[in-house]
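Try each task before reading its solution.

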Amino acid sequence: MVAKKPRVVVVGAGISGIAAARRLCSAGGGRFEVSVVEAGTRVGGRILTSEFAGHRVEMGATWVQGIVGSPVYALARDAGALEVEAGIPYERMDGFPDRVLTVVEGGEIVDADTVARPIDELYSGMMGAARAGDAAGGGSVEEYLRGGLRAYQSARSGEDQELEEVEEALLAMHINRERTDTSADDLGDLNLTAEGEYRDFPGEHVTIPGGYSRVVEQLAAALPPGTVRLGLCLRRLEWGGTPVRLHFADGAPPLNADHVILTVSLGVLKASLSMDGSGAGGSGAAIAFEPPLPPFKREAVARLGFGVVNKLFMEVEAVAPSEPEDGVGAPPAPPDFPFVHMAFRGQVPKIPWWMRGTESICPVHAGSRVVLAWFAGRQAAHLESVPDDDVIRGVHATLDSFLPATPRWTVKSIKRSGWATDPLFLGSYSYVAVGSSGEDLDRMAEPLPRGNGADERPPLRVLFAGEATHRTHYSTTHAAYLSGVREANRLLQHYRG
């Protein structure tokens, strides 16, 4: 008789699920029957490369956070995605700008040496200390940063109310940046102590010339034909016994599995907490678990933060004066759009509230006419509901305030992401909220049913992977990849033992 192969169903075809499937197929020696079920119409999950105004842009994951030892950087290299294609400019192809123009609402340029740089160094130094585990006290990141600014201002001789107001606006600008880095709507909800556990890989942060999507597509192409099945949205998971039974939307036939590797977003798991056994009550791609998730898992899901980050790409052009300034000859060529960092003070009523949640409007590379603004939290979510014309009007009001001199800039077209309302994700990435800890990330990674000590080999019916299951690299693509490999290795070890 031929022994039955253990059947593994991976839920989700993002980089985590594809990594898990590839590891099982390549290292398993054909001992597993592996399927990947994906609710959407493509592989990649929160990795999505697109095109806009002749540029290659990333709607989701953008950066490789450190290249030394990074598995994602190695995958991009092996896929040929690090090679620059002639004539196709890509996002941040020249890295980080050397010079930025810092402007206060109303158009006043902030002196770089005496005002902007000291606040930038204060912010960078404090966040560096937090991530090295050297931040004093606990509480939230916002409390920590604002306390640092108060101490900085108190150490200065004399009082200058106008300067202090500008400094507070500059710190708020950096807080907006930190919100997009972490996805936290409010840094008052971002756990300071946990920042000391987060790690990037060493080396520079880079974007991928050939597009992030190529990395996942290359991984998926190495799977046996038919492994990935699109358009299957998991609605109910019966995991109380063996086999585990997966029920899908739209009347698709259920599947049985010996093991399920669940790689859905933390946003989907949060929505799943409100599901009842019939599958009612949740939103998006929420899953009804039968039996319900145990308390330790539910509590970790509830405590951890999961926010939304969206990107707004804009194609801009300079509106040249109708006549040459000196009245002779052709008008001068418009200058490049500057790298503008914006310190909001609430002085210009025409600027909509949601625009005040961004740190900057910057070209995607020097000299580009495609510019980008990042948004997080409630501003990012609101941006998804605003009609294009209203978005453009809001951007124009902002540009008129921060760049009032000639040339004036106009927005020709826009492209934006929409992760909050995407039912398959319901947000962007995780963070450790006040009230949670790195231990909750470890709990997210624990398989079900939980081992009881007496049982040396729990059945591993449901395993969990994804960026929100990695204690030190959460919120990144390499966390998602590493967690998928981790759970595949857990199953490999299970059958070796």
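**Exercise 1. In what order do the four strands of the open sheet lie, and which are the edge strands?**

The model is predicted.
Step 1. The order is β12-β11-β10-β14, with mixed pairing.
Step 2. An edge strand pairs on one side only; here these are β12 (255-257) and β14 (288-290).
Step 3. From one strand to the next, the twist averages 20 degrees.
Step 4. Now take one pair. Strands β11 (residues 244-248) and β12 run antiparallel and are joined by three bridges.

**Exercise 2. Which residues of helix α6 are buried, and what do they pack against?**

Step 1. Helix α6 spans residues 213-221, and its buried residues are Ser213, Val215, Val216, Leu219 and Ala220.
Step 2. These residues cover an arc of only 160 degrees around the axis, so they sit on the same side of α6.
Step 3. The general rule: an α-helix has 3.6 residues a turn, so residues three or four places apart point the same way.
Step 4. The packing partners of the buried α6 residues are α1 (15-27), β3 (49-52), α2 (71-78) and α12 (477-496).

**Exercise 3. Is Thr182 buried or exposed? Find what its side chain reaches.**

Step 1. Locate Thr182: it belongs to helix α5 (residues 161-182).
Step 2. Its relative accessible area is 8%, so Thr182 is buried. The cut-off for buried is under 20%.
Step 3. A polar atom of the Thr182 side chain lies 2.8 Å from the backbone oxygen of Glu178. The side chain of Thr182 also reaches the backbone nitrogen of Ala184, at 3.3 Å.
Step 4. Set aside neighbours within four places in sequence. Thr182 then contacts Arg131, Leu187, Leu190, Tyr429, Ser430 and Tyr431.

Definitions and conventions. Residues numbered from 1 in each chain as written. Predicted model: local features only at pLDDT ≥ 70, side-chain atom pairs only at ≥ 80, totals over all residues. Heavy atoms only, no water. Buried < 20%, exposed > 50% of the residue type's maximum accessible area, 1.4 Å probe, protein only. Helix = DSSP H or I, 4+ residues; strand = E, 2+ residues; numbered from the N terminus. Arc of directions from axis to C-beta. Contact = heavy atoms within 4.5 Å. Pairing = 2+ DSSP bridges. Axes fitted to C-alpha atoms, helices over the stretch in contact; angles between N-to-C directions. Polar contact = N/O pair within 3.5 Å; in protein donor to acceptor, adjacent residues only side chain to side chain.
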